[in-house]
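The following note sets out points for a colleague who is reading this structure alongside its sequence.

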Amino acid sequence: MSKADKKVSKDRPGLFAPMTLREVTVRNRIWLPPMCTYSSFARDGRPTPFHYQHYVSRAFGGFGMVIVESTAVAPEGRITPCDLGLWEDGQIDAWRWIVDGIREAGAVPAIQLNHAGRKASTGCFAVGYDGQSVPEEAGGWPTMAPSEIAFGGLRTPRALSVDEIHGLVGAFAAAAGRAVAAGFQAIQIHAAHGYLISQFLDPLSNERDDEYGGDLTGRSRFLVEVVDAVRGAVPEGVPVLVRISATDWAAGGWDLDQTIALSKVLKEHGVDVMDVSTGGIMSGVSIPVKPNYQVPFSEQVKAKADIPVTAVGLITKPKQAAKILAHGEADAVEIGRAALRDPYWPLRAANKLGIPSTEIPYAPQYVAGAY
Ligand SMILES: Cc1cc2nc3c(=O)[nH]c(=O)nc-3n(C[C@H](O)[C@H](O)[C@H](O)COP(=O)(O)O)c2cc1C
């Protein structure tokens with residue numbers, strides 16, 4: 001982006017401008033990104049009172065879109081035994097009160113659908129084995145991936161057959177249908193961070209010599225089929241977002257050029273927003289983490305693939321977030337860890353930016369406490 005383009009433009013929508021995607025209008029451009037909480041303690045994929053409290057309080061805090069964390073499309077696709085799931089119809093009802101709560105607070109409920117592939121069956125605070133594979137005797141399970149290549153010290157996966165891949169495409173579509181049945185208004189497909197879809201995309205983890213490997217078209221086939229199947233399983237008016245890692249930060253791996261080429265294809269297949277993150281396919285790479293460190297990637301995807309994007313990654317300050325939109329580097333920003341410590345980040349940001357409280361999303365019950 002040239003210096004002239006980067007000049008702040010008053011014509012560009014600000015943080016509190018609504019954004020319409022298909023038939024869904026999001027009240028602002030400050031979104032909660034998906035963040036695992038590993039709190040489905042009965043290990044049945046169902047949400048708990050914790051999830052209600054966690055997501056609905058952030059909706060009351062003013063977030064425009066609340067993207068529920070990585071939710072498994074199959075039990076073997078859970079990152080940990082305590083992940084959320086939508087792999088069977090019996091799970092739908094357990095979601096309704098959360099979805100209703102988010103909507104009642106004025107936010108758009110979205111959900112990230114995922115299969116962890118070779119990074120499944122790992123530990124967490126509630127299970128132990130943090131950062132390791134959970135043994136089968138402790139409730140873990142064998143993993144699967146495009147190729148028999150392990151991630152770091154985790155267990156080696158077996159390679160999926162073509163029939164199994166077709167089954168997984170169906171699993172994503174079925175889970176998306178269940179999400180809509182539960183009331184979710186947008187679907188995010190997790191194609192980032194080294195989970196199953198990203199394992200297919202990446203030459204470092206995909207050594208297949210069939211139609212699901214090889215060149216960019218082959219490695220992208222699984223994701224494109226998932227997108228088509230999900231689009232076919234949800235109403236036309238429901239936006240579909242894809243989260244992507246724009247780079248592995250490693251030589252010979254997935255990179256920005258492939259991300260841009262893929263984003264153009266996904267746009268043709270009806271994807272509405274690219275949520276641009278990075279990393280996760282390899283352990284031990286050096287990532288230059290600092291404020292805005294992923295923003296140049298979202299800016300490039302937006303400019304070169306001509307598709308709406310979100311920016312994420314160490315965006316913590318209101319002015320910093322506002323500038324990203326004013327510079328045209330993204331269409332919405334996502335506030336992750338800062339929202340774990342402050343569920344009311346958007347309301348506080350509005351105050352810091354001098355926006356009158358009448359113009360921002362206070363629920364009537366909380367107006368008396370407005371800044
Ligand atoms: C506790 C935690 C859990 C996360 N879980 C997910 C997840 O389920 N899906 C995902 O795509 N990213 C996940 N992420 C990444 C975040 O969505 C976000 O991209 C990252 O934290 C960078 O943004 P931040 O600097 O604002 O936190 C997680 C991050 C954290 C801190």
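1. In this predicted model, helix H7 (residues 256-268) packs on helix H8 (residues 295-305) with the axes 9 Å apart and an angle of about 50° between them. That angle makes H7 oblique to H8. The crossing of H7 past H8 is right-handed.

2. Which residues of H7 and H8 meet? From H7 they are Leu256, Thr259, Ile260, Ser263, Lys264 and Lys267, and from H8 they are Phe297, Gln300, Val301, Lys304 and Ala305. Sorted by class, this contact of H7 with H8 holds five nonpolar, three polar and three charged residues.

3. Helix H4 (residues 162-182) has two packing partners described here, H6 and H3. With helix H6 (residues 216-233), the axes come within 8 Å and cross at roughly 35°, in a right-handed sense. On the H4 side the contact involves Ile165, Val169, Gly170, Phe172, Ala173, Ala176 and Gly177; on the H6 side it involves Phe222, Glu225, Val226, Ala229, Val230, Gly232 and Ala233. Ten nonpolar, three polar and one charged residues make up the contact of H4 with H6.

4. Helix H3 (residues 92-104) also packs against H4, with axes 8 Å apart and an angle of about 50°. H3 and H4 are therefore oblique to each other, and their crossing is right-handed. Ile92, Trp95, Arg96 and Val99 of H3 make the contact with Arg178, Ala181 and Ala182 of H4. By class, the contact of H3 with H4 comprises five nonpolar and two charged residues, with no polar ones.

5. How many residues surround the ligand, and which are the closest? The shell has 20 residues, and the closest are Pro33, Met35, Ser70, Gly336 and Arg337. Strand S4 (65-72) and helix H10 (337-341) are the elements that give two or more residues to this shell. Its residues divide into ten nonpolar, seven polar and three charged.

6. As to overall form, the secondary structure of the protein chain comes to eleven helices and 15 strands. Along its principal axes, the C-alpha trace spans about 55 × 50 × 40 Å. For 371 residues, a compact globule would have a radius of gyration near 21 Å, and the 20 Å of the protein chain agrees with that.

Definitions and conventions. Residues are numbered from 1 along each chain as its sequence is written. This is a predicted model: local features need pLDDT of at least 70, side-chain atom pairs count only at pLDDT 80 or more; totals for chains, interfaces and linings use all residues. A residue is near a molecule or strand if its C-beta atom, placed from the backbone, lies within 6 Å of it. Helices (H or I, at least four residues) and strands (E, at least two) are DSSP runs, numbered from the N terminus. Ala, Val, Leu, Ile, Met, Phe, Trp, Tyr, Cys and Pro count as nonpolar, Asp, Glu, Lys and Arg as charged, and the others, Gly among them, as polar. Axes are lines fitted to C-alpha atoms, for helices over the stretch in contact, and angles run from 0 to 180 degrees between N-to-C directions. Angles under 35 degrees count as roughly parallel, over 145 as roughly antiparallel, 65 to 115 as roughly perpendicular and the rest as oblique. A crossing is left-handed if the near helix is turned anticlockwise from the far one by less than a right angle, and right-handed if clockwise. Two residues are in contact if their C-beta atoms, placed from the backbone, lie within 7 Å. The radius of gyration is taken over C-alpha atoms; the globule rule is 2.2 Å times the number of residues to the power 0.38.
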